[in-house]
Amino acid sequence: MEKIMEHITRLYELKDEEIQELIKHFGPILKTTVKTLNITVHEDIIESLMVAYKSAGMVSAPMSHFDLFTFLPHLWSHEDFLKPFILHSRGRNKVSIVFGVPTVRRQEQNYLIRTLVSFVKNMNQTEQDDSLIVVMIAEVDLEYTRQLSEEIKNRLSDAVNSGLLEIIAPSPGYYPDLKKLRLTLGDSEDRIRWRSKQNLDFAFLMMYCQPKGSFYVQLEDDLVARPQYQSLMKQTALQRIANGQEWFILDFGGLGFIGKMIKCTDLPWLIQFIIMFYNDKPGDWLLDGMVQTKVCHLGRSHDVCKKEKEAIWVRHNESFFQHVGTWSSLAGKIQLLKATNFYNKSI
C-alpha cells in the first residue's frame, strides 16, 4: 500500500508540474492573444489565472524529490525501461528465499547450465517448493537472449515448468550510454564499462526479486552449491531473527558478491546505494561501503569499526558455494579464485 501511494503521489506531482508549466508559458502572452483576436474576456479571469499560478508556486514543495531517476536520468520519460522482458514465469512468489543469478555472454566458456543444474540438484522437493531462482540474461542482443532462454527451458524443463526457475531480461533502454562513464579508480574504459554495467544488472535483478520472497541471495552464473544449502541458509536467518540478533548481510559465499543474503525489506537501501555509485566502484566494494556507512563511527579506531561491521555482516564458517569459472565475463580476464572453506575440497 505504501508503494502504491508513493506511485499515485508521483503521478499527481508530474501532472501538477505539467499544468504549472503551461500556465507559466501561456500566462504572459494571454492578454496579448486576447487583444489580437478581439475576444472579450473579463480582466478578473486573467488575473485569477495569474494568482492561481503564483499560489501553486508558493504551496509546491520547495525541495526536489530524489530517486533512482536522479541518477539514471535517461529513464525519466521511459519508466517502461524498468519493466523486464519476462521470458518465462509461473508467477511464483511468497517464497522464503529468492536466488538472483545474473548471466552475460562469455567469449570463452559458458558455465550457466552447469550452475543451474547444481542449484536445483542440491535442493530437495520441500526446498524447491519454498524457493525461486531468477535468471537474468543481462544482454541487449535479443536473439542471443532468446536462444539462451530456450536452452535453459530445454535443459531444465522440470524446474522451469514447476515455477522454481524464472527467466527475465532487461529492456535495452534500461542502460545509460556506457560510453560516457566517468573514469574512476584508474581503471581502463573497458573495465569501467564492465563493472558499471554489472552494478546496474545487480540493481535491476534485485528490483525484480524484492517483492517475491522474504530473503534475497545474490549468486553468479559460474558456481556449484553444496547439498541442502537452501535449508541451512533459511535456518540460519530465522534463528538469528528469533534470537533478536541484528544483521544486514548473512554471508554464505565469501568471495565477492557470491552467497550474500539480505532481507527483502532491506533491499531498497542496497538498490539505491548501488544506483547512486554504479560508476564509482565494483558491487562488492559498494556493499562493503554501505555496511561501513551504516555502523562505523569516524571517531573510533579501525578495529572498532571492523567489529561493528562484523556484527551485522555475519560470515558463515563454511562457504555454501564454490566458484568454478575460469574465464571471466570481462574479456581476457582469468578468474582463479576459489572458496577455501567449501565442503568439497575436490571441486
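Q: How do you know that the length of α9 fits that of a helix?
A: The expected span is 1.5 Å times one less than the number of residues. The 14 residues of α9 should therefore span 20 Å, and its end C-alpha atoms are 20 Å apart, which agrees. Helices here are DSSP runs of H or I with at least four residues, strands are runs of E with at least two, and both are numbered from the N terminus. The model is a predicted one: local features need pLDDT of at least 70, side-chain atom pairs count only at pLDDT 80 or more, and totals for chains, interfaces and linings use all residues. Residues are numbered from 1 along each chain as its sequence is written, and side-chain values use heavy atoms, with hydrogens and water left out.

Q: Which residues of α9 are buried, and what follows this helix?
A: Buried means under 20% relative accessible area, exposed means over 50%, and partly exposed lies in between, with a 1.4 Å probe and protein chains only. In α9, Y229, Q230, S231, M233, A237 and R240 are buried. G244 follows α9 and has a positive phi, near 70 degrees.

Q: Why is the pair of Y229 and F321 called edge-to-face?
A: The search of the whole structure finds eleven aromatic pairs. The ring centres of Y229 and F321 are 5.4 Å apart and the planes stand at 65 degrees, so the pair is edge-to-face. Rings of Phe, Tyr and Trp (its six-membered ring) pair if their centres lie within 6.5 Å; planes under 30 degrees apart count as stacked, over 60 as edge-to-face and the rest as tilted. Because Y229 lies in helix α9 (residues 229-242) and F321 in strand β10 (residues 321-323), the pair ties together parts that are 92 residues apart in sequence. Both Y229 and F321 are buried, and one aromatic cluster is formed by F99, F119, Y229 and F321.

Q: What makes phi of Q228 and of K94 worth noting?
A: Most residues other than glycine have a negative phi. Phi of Q228 is positive, near 60 degrees, in a residue other than glycine. Q228 is placed in the loop between β6 (223-225) and α9, and its relative accessibility of 44% makes Q228 partly exposed. K94, also not a glycine, has a positive phi of about 60 degrees. K94 is found in the loop between β1 (85-88) and β2 (95-103), and its relative accessible area of 78% makes K94 exposed.

Q: How do you know that C296 and C305 form a disulfide?
A: A disulfide is a pair of cysteine sulfur atoms within 2.5 Å. The S to S distance between C296 and C305 is 1.8 Å, and a disulfide joins the two. A search of the whole structure finds one disulfide. The torsion about the S-S bond of C296 and C305 is about 70 degrees, so this disulfide is right-handed. C296, at 19% relative accessibility, counts as buried, and C305 is buried with a relative accessible area of 11%.

C209 is in no disulfide, since the nearest cysteine sulfur, that of C264, is 7.8 Å away. C209 is buried at 0% relative accessible area, and C264 is buried at 2%.

Q: Why is α8 described as largely enclosed by the rest of the structure?
A: Of the 21 residues of α8, 15 are buried, so the helix is largely enclosed. Q198 lies in helix α8 and counts as partly exposed at 22% relative accessibility. Q198 and Y278 are 80 residues apart in sequence and 8.5 Å apart in space, C-alpha to C-alpha.

Q: What makes K260 a buried residue, and which polar partners does its side chain have?
A: K260 lies in strand β8 (residues 260-263). At 2% relative accessibility, K260 counts as buried. A polar contact of 3.2 Å joins the side chains of K260 and D251. Such a contact is a pair of N or O atoms within 3.5 Å; within protein, one must be able to donate a hydrogen and the other to accept it, and residues adjacent in sequence count only if both atoms are side-chain atoms. The backbone oxygen of G256 lies 2.9 Å from a polar atom of the K260 side chain.
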